[in-house]
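Subject: Structure handover and notes

Hello,

Here is the structure I said I would pass on. Please open it first, then read the notes below with it on the screen.

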Amino acid sequence: MATEGNNLSEYDKDTIPNAKDFRFGIVVSEWNDEITEGLFQGAFDAWIENGVKKENIVRWNVPGSFELIYGCKKMQESFEMLDAVVAVGSVIQGETKHFDFVCEGVTQGIKDLNIQNDIPVIFCVLTDNNIEQSRARSGGEHGNKGTEAAIAAIKMAQLRKDAKFYKG
């Protein structure tokens, strides 16, 4: 696995842009909420640790991971002052092909939002074989993918800001 031997929560704070003036959205799936709440907390804590003000974090919930696409799209449209949005979900392999369809749909949907709109959407959707893997990646032995997503959001917010500067 890609996270084997890696801690998703580790980052070099000296390499993170100043985030005190950034505004972030986060859309959280209610499905597998034990996992998604852990991912949310990892993201939230990383933003606060890097200077983001609590009032500059907007959270919306959606029923499941498939609904993240619509939730993120509406958040992009409703809050044009956001610097990035994080999509938080958890899809765990079951006995049917449903897992494959949801994972593919969410992945392509988030990709499409990044191509179609100016506010970056960060993919923080765990696609694990079992609940133990999900727990390990949402605050367990492999750290927290939510932390990693929040740091990616800060970096993408800075890239967006820099790109606007160069555009003039």
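A residue is called buried when its relative accessible area is under 20%, exposed when that area is over 50%, and partly exposed in between. Please also keep in mind that this is a predicted model.

Helix α1

Start with α1, which covers residues 33–49. The helix has 17 residues and spans 23 Å from its first C-alpha to its last, close to the 24 Å expected at 1.5 Å a residue. Which residues of α1 are buried? They are Ile35, Thr36, Gly38, Leu39, Phe40, Gly42, Ala43, Phe44, Ala46 and Trp47. Each of these is on the list because its relative accessible area is under 20%. After the helix comes glycine 51, which has a positive phi, near 95°.

Salt bridges

How many salt bridges are there? The count comes to eleven. To count, a side-chain nitrogen of Lys or Arg has to be within 4 Å of a carboxyl oxygen of Asp or Glu.

Glutamate 34 pairs with arginine 135, with 2.6 Å between the closest N and O atoms. This pair links distant parts of the chain, since glutamate 34 is in α1 and arginine 135 is in helix α4 (residues 131–136), 101 residues apart. Glutamate 34 is partly exposed, at 46% relative accessibility. Arginine 135 is partly exposed as well, at 39%.

Another salt bridge stays within one helix. Glutamate 77 and lysine 74 have their closest N and O atoms 3.0 Å apart. Why are the two separated by about one helical turn? The reason is that they are three residues apart in helix α2 (residues 68–78). Glutamate 77 has a relative accessibility of 42%, so it counts as partly exposed. Lysine 74 is also partly exposed, at 27%.

A further salt bridge joins the side chains of aspartate 112 and lysine 111, at 2.7 Å from N to O. Aspartate 112 counts as partly exposed at 29% relative accessibility, and lysine 111 is partly exposed at 37%. There is also a network: Asp83, Asp118, Arg160 and Lys164 are joined by salt bridges that share partners.

Positions from the UniProt record

The UniProt entry, which is unreviewed, lists His98 under "active site". Histidine 98 is in helix α3, which covers residues 98–116. Is histidine 98 buried or exposed? It is exposed, because its relative accessibility is 53% and the cut-off for exposed is over 50%.

Threonine 96 is in the loop between β3 (84–92) and α3. With a relative accessibility of 53%, threonine 96 counts as exposed.

Arginine 137 sits in the loop between α4 and β5 (138–140). Its relative accessible area is 6%, so arginine 137 is buried. A polar atom of the arginine 137 side chain lies 3.0 Å from the backbone oxygen of glutamine 133.

Regards

Note on methods
Residues are numbered from 1 along each chain as its sequence is written. This is a predicted model: local features need pLDDT of at least 70, side-chain atom pairs count only at pLDDT 80 or more; totals for chains, interfaces and linings use all residues. Side-chain values use heavy atoms; hydrogens and water are left out. UniProt positions are given in the numbering used here, feature names are shortened, and annotations may be inferred rather than shown by experiment. Helices (H or I, at least four residues) and strands (E, at least two) are DSSP runs, numbered from the N terminus. Buried means under 20% relative accessible area, exposed over 50%, partly exposed in between (1.4 Å probe, protein chains only). The expected span of a helix is 1.5 Å times one less than its number of residues. A polar contact is a pair of N or O atoms within 3.5 Å; within protein, one must be able to donate a hydrogen and the other to accept it, and residues adjacent in sequence count only if both atoms are side-chain atoms.
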